[in-house]
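Please examine the sequence and structure below before reading on.

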Amino acid sequence: MAKTVRFHQIGGPEVLVLDDVDIPEPGPGEVRIRARALGVNRAEAMFRSGAYVHDPVLPAGIGYEVAGEVDAVGAGVDLANGTPVSVVPAFGMNDYPVHGELVIAPAHAVVQHPENLTWTDAAAVWMPFVTAYGGLIARAGLTRGDTVLITAASSSVGLAAIQIANMIGARPVALTRSSRKQQALLDAGAAEVIATSEQDTAAEVRRLTGGAGARVAFDPVGGPGLADLTASLAPEGILIVYGALSEETTPLPVMDVLGKHLTLRGYELFEITTDPEQLSEAVAFVRDGLQRAALKPMLAKVFPLDQVVEAHQYMESNEQFGKIVITV
């Protein structure tokens, strides 16, 4: 029996419980992992509350990210017991929930992370950095000299996007609601910070780019602020939308889209992680950045497993700066 994070009804953080569950032997193409740390993501909160792209099958497990040691492998898997590994989100949570003491994951999603990572760092890598890599590099073609607007910049994905932009020589401009996190974002590598509730976003972007506008915007929010992004883009710019955090309607700024020949591209992490070739390229890119210390996960707060409810409450407070991790 192993303690496993589950929920028996849809709802807020309080529905999460630690159930004792029998964990089977791994089947063909599967790996059983003795967990040391778990990464907490917005997607899991949405799954728990019934607002995700997939409905939970109750009682449901939860979790996309785990770091730990190989405990057992199924047929066709070439990993030795005790090998330190972490997991890339490349599966559905109904199939492979990985938040618990002992978990099963599909072998194609299991990677040996660089040895310089701690368990908590390893649990905080793949969701944010692969999401940012896929949107910025694989989809938007971000390159040296580009200016990129990064909304929700203090999130784990936003901070990963700042690092990736710097790694390739692009110019990351962080967008955040107030100036309260301005210095922290500058310290995290943002070239500039725009407080969207205090400044005119489009005017600031024009000032920062000499009137040219940004070539790329990377946005998980949507809502009315989308119009500020299209107004801030250069002709033939590209807006990557990878979430819908805003509860307000998202208008389409048709005149900007038409007049500047903009591309608005919806993007999901799983476009990358469910394609073996693209997944391999993403993992290689991120691993290279980690090994060179050009990329490093930023942790907001670490909770023990028996405080999983508190970890989700903290995430929903929107006070975090970086990644929330649970130790096991």
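In this predicted model, there are nine aromatic pairs. Two of them are set out in the table.

| Pair | Centre-to-centre distance | Angle between planes | Arrangement |
|---|---|---|---|
| Phe-47 and Tyr-52 | 6.3 Å | 85 degrees | edge-to-face |
| Phe-218 and Tyr-242 | 4.2 Å | 20 degrees | stacked |

The pair of Phe-47 and Tyr-52 counts as edge-to-face because the planes of the two rings stand at 85 degrees, and an angle over 60 degrees defines that class. Both of these residues are buried. They also belong to one aromatic cluster, whose other members are Phe-7, Tyr-64, Phe-91, Tyr-96 and Phe-270.

Phe-218 and Tyr-242 are each buried.

An aromatic ring may also face a charge. The charged end of Lys-301 sits over the ring of Tyr-314, at 5.1 Å from the ring centre.

Attention now passes to helix α3. This helix spans residues 126-139 and bends by about 30 degrees at Tyr-133. Is α3 mostly covered or mostly uncovered? It is mostly covered, with 11 of its 14 residues buried. Among the buried residues are Trp-126, Phe-129 and Tyr-133, as well as Gly-134 and Gly-135. Just after the helix, Gly-141 adopts a positive phi of about 65 degrees.

Notes
Residues numbered from 1 in each chain as written. Predicted model: local features only at pLDDT ≥ 70, side-chain atom pairs only at ≥ 80, totals over all residues. Heavy atoms only, no water. Phe/Tyr/Trp six-rings, centres within 6.5 Å; stacked < 30°, edge-to-face > 60°. Buried < 20%, exposed > 50% of the residue type's maximum accessible area, 1.4 Å probe, protein only. Lys NZ or Arg CZ within 6 Å of the ring centre and 35° of its normal. Bend = angle between axes of the 7 residues up to and from the residue. Helix = DSSP H or I, 4+ residues; strand = E, 2+ residues; numbered from the N terminus.
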